[in-house]
Amino acid sequence: MLTLQYIPYHEFAPLTLDDKLKRVLKSVKLDKIIIIEGRLDAVEESELIKRTMQQIDKKFKGIEIASIDYDFRSLDLLDKVKKNIAHFLLNRKPGLTIVGPATVVKEIRKDPTKIELMTLDKKNR
Amino acid sequence: MMKKIGSFFLGFLGVFKKRKNVKLGIYGPPNAGKSTLANKITKDWLGEEMSKASPIPHETREIVVKEKITIKSKGKELTFNLVDTPGIATKIDYEDFLKYKLNAKEARERAKEATKGVIEAIKWLDNMDCVLVVLDSTQNPYSQVNITIIGNLAARNIPVLIVANKTDLRKADIKRVEAAFPQYPTIGISAEKGHNLEVFYDNLFKLMK
């Protein structure tokens with residue numbers, strides 16, 4: 001059975017970097033695919049990779065990760081401002097981050113504004 | 001006042017020292033051709049190779065530094081220390097190495113070293129003055145590893161040249177790499193075949209000026 005876990009921005013954003021990484025890796029090591037509202041920044045992502053590498057063993061082979069931004073490029077300036085104000089007022093951050101265990105998620109394909117997640121057959125895990 | 005003058009001169013000397021030891025890093029995912037490019041550069045300008053390159057992923061598992069490489073073009077000269085780094089990945093499975101005829105013990109050892117190599121490569125980001133991000137131009141450039149590497153370099157304000165490698169292969173698509181990272185210059189080369197290296201060296205001068 002495949003488990004998806006959604007973490008809203010207001011729950012994830014206030015955490016310290018250490019707590020964010022612990023939260024992500026704890027779920028992933030339980031074979032859950034997590035969807036985080038908002039993007040991890042580049043430094044958070046590189047810290048997640050470092051922490052993942054430290055924890056790789058016989059059972060845990062690493063992660064698959066992908067982040068996606070809402071594409072504001074096609075919007076005019078006024079619409080961009082409106083979108084940003086809306087996200088600010090709703091305490092939301094644009095974008096999504098998906099993280100899954102490499103033993104469950106074969107590949108996350110990004111192209112660049114859509115994400116496709118391919119899982120491994122259970123017999124191959 | 002004397003303190004201020006002293007710190008001014010120390011700052012000046014620091015800049016001077018830094019410029020004398022410019023570190024050019026080679027970053028990218030595994031098997032993009034980082035060590036092949038590093039070898040091509042050192043072979044062209046020092047007459048010797050610096051790293052071991054192979055089709056097995058994670059061949060480079062430690063940072064390799066070659067000091068004082070001087071390249072020349074159109075009457076200009078550039079000296080730098082070249083840093084070849086292990087490929088950055090989010091997953092490492094020792095079983096993947098078994099396909100390359102490594103035995104289980106060798107494969108486990110390689111996987112263990114590879115995880116340490118990834119951590120070292122990320123730690124070394126802070127030491128770089130300029131970086132070549134080497135990508136396999138036959139692969140999808142939108143992978144999160146590529147985005148994370150480039151995002152980290154941008155956050156540190158480190159100048160970047162994207163090298164779309166393996167242009168000799170039929171599936172190579174330089175335009176796709178350019179479209180993925182439009183904020184940085186992209187140059188297509190084949191490090192193995194030596195294609196377009198003159199243009200690459202010209203771009204290196206622009207990157208490090």
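By buried I mean under 20% relative accessible area, while exposed is over 50% and partly exposed is in between, using a 1.4 Å probe and protein chains only.

A word on what you are looking at. This is a predicted model, where local features need pLDDT of at least 70 and side-chain atom pairs count only at pLDDT 80 or more, while totals for chains, interfaces and linings use all residues. Residues are numbered from 1 along each chain as its sequence is written, chains are lettered from A and ligands numbered from 1 in the order in which they are written, and side-chain values use heavy atoms, leaving out hydrogens and water.

Back to our tyrosine. What does Y201(B) pair with? I'll count aromatic pairs like this: rings of Phe, Tyr and Trp (its six-membered ring) pair if their centres lie within 6.5 Å, with planes under 30 degrees apart called stacked, over 60 edge-to-face, and the rest tilted. By that rule there are two aromatic pairs over all chains. In one of them, the ring centres of W45(B) and Y201(B) are 5.4 Å apart and the planes stand at 85°, so this pair is edge-to-face. The pair links distant parts of the chain: W45(B) sits in helix α2 (residues 34-46) and Y201(B) in helix α7 (residues 197-207) of chain B, 156 residues apart. Helices here are DSSP runs of H or I with at least four residues, strands are runs of E with at least two, and both are numbered from the N terminus.

Now let's walk to helix α4 of chain B. The helix covers residues 104-123, which is 20 residues, and reaches 29 Å from its first C-alpha to its last, close to the 28 Å expected at 1.5 Å a residue. That expected span is 1.5 Å times one less than the number of residues. At the start of the helix, a side-chain oxygen of N103(B) comes within 3.1 Å of the backbone nitrogen of K105(B). An α-helix has 3.6 residues a turn, so residues three or four places apart point the same way.

With contact meaning heavy atoms within 4.5 Å, 25 residues of chain A touch 21 residues of chain B. The area buried between the chains is about 2000 Å², with carbon and sulfur atoms giving 61%; buried area is the accessible area (1.4 Å probe) that two parts lose on being put together, summed over both. In chain A, I49(A), M53(A) and K61(A) lose the most area to chain B, together 29% of what that side buries.

K61(A) has a partner to show you. Its side chain makes a polar contact of 3.4 Å with the side chain of D93(B). A polar contact is a pair of N or O atoms within 3.5 Å; within protein, one must be able to donate a hydrogen and the other to accept it, and residues adjacent in sequence count only if both atoms are side-chain atoms. D93(B) lies in the loop between β3 (76-84) and α3 of chain B, and a polar atom of the D93(B) side chain is 3.0 Å from the backbone nitrogen of E95(B).

One last look, at chain A as a whole. Chain A has four helices and six strands, following the pattern β-α-α-β-α-β-α-β-β-β along the sequence. Of the 125 residues in chain A, 38% are buried.
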